[in-house]
Amino acid sequence: MKTIVLLFILATTIATSHGLDLDHGKENKIVPRELKAFSSAHYERDIRCSSWRLGVETNNIIRFKTVPAKCKDYIRNYFLGDQSRADTKAVLSEAYSYAKSLDIIKGANYTWVFDIDETLLSNIEYYADRGFGTIPHNATDFNKWIEKGKLPALPHSLKLYNKLLALDIKIAIITERPETQHKITVKNLWNVGYRKYAKIIFKDTKKEIYKGKTTLVYKLAERKKLEKEGFKIIGNIGDQWSDILGTSTAVRSFKLPNPLFYVA
Ligand SMILES: [Mg+2]
């Protein structure tokens, strides 16, 4: 009996030290009891933040101004650990599989649309210094950061970009960055390896049609223009739903993970 008690204490200690919780799944009423005994391994303690992130990625949670303060550590771990890279890689691998499966006709103007921030380039260093999205966005501060022109490429995005070019697919970049950041952006892109694209489009906020309009409206209007110019948009990738939804959508669109902020 003593041995059994000792073994139980030992098992509990090991489970706790490995981040397991023997109460895990206790509230789950729809799973048969016999299945639950094996369900506790490797679950995330911060379930509510994980659910919040899922809500954001599926476009169910919208118009949030900041990451919930209680999720700061969760978001930090998401980006500084392996999960963010693994999620990004999964999306980009699928995107490439799709591109590869196409029957590319030479001269058919098959085009892939990319967003810039959190898609081609990463601002994670900026957000890491400002509470991982828990602090309200400050446009002046952010623009100063962008104008340094020192953003790194998201490695898996750069790989996809080069592979698409090798497949003879044209690249069009549509960013919500303003025209005033055109020069520094092109330089930043060039320095990290994005050197060939058929189009790069900045949001000209002086244009009447975009005054007070959302990124979604701006981007779909620019995609429509591309179509009129003869580009056949077969793929589109961005970190915001506003990069890919609307009309003139791509044959297939891909949403990169981004639980840091929301752009309408
Ligand atoms: Mg973006």
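Predicted model: local features only at pLDDT ≥ 70, side-chain atom pairs only at ≥ 80, totals over all residues.
Visitor: Is Ala-99 buried or exposed?
Guide: Ala-99 belongs to helix 5, which covers residues 83-101. A residue is taken as buried when 20 or more other C-beta atoms lie within 10 Å of its own. Because Ala-99 has 20 C-beta neighbours inside 10 Å, the residue counts as buried.

Visitor: How many residues apart in sequence are Ala-99 and Gly-235?
Guide: Once the neighbours within four places in sequence are set aside, Ala-99 is in contact with Leu-164, Leu-167, Ile-169 and Gly-235. From C-alpha to C-alpha, Ala-99 and Gly-235 are 7.9 Å apart in space, while their separation along the sequence is 136 residues.

Visitor: How many of the residues of strand 1 are buried?
Guide: Strand 1, made up of residues 110-114, is mostly covered.

Visitor: Which residue is the bridge partner of Val-113 in strand 4?
Guide: Strand 4 spans residues 232-238, and it pairs with strand 1 in the parallel sense over five bridges. Within this pairing, the strand 4 partner of Val-113 is Asn-236.

Visitor: Which residue in strand 2 does Trp-112 stand opposite?
Guide: Strand 1 also pairs with strand 2, residues 170-178, in the parallel sense, and this pairing runs over four bridges. In strand 2, the residue opposite Trp-112 is Ile-171.

How values were computed
Residues numbered from 1 in each chain as written. Helix = DSSP H or I, 4+ residues; strand = E, 2+ residues; numbered from the N terminus. Buried ≥ 20, exposed ≤ 12 C-beta atoms within 10 Å, placed from the backbone. Contact = placed C-beta atoms within 7 Å. Pairing = 2+ DSSP bridges.
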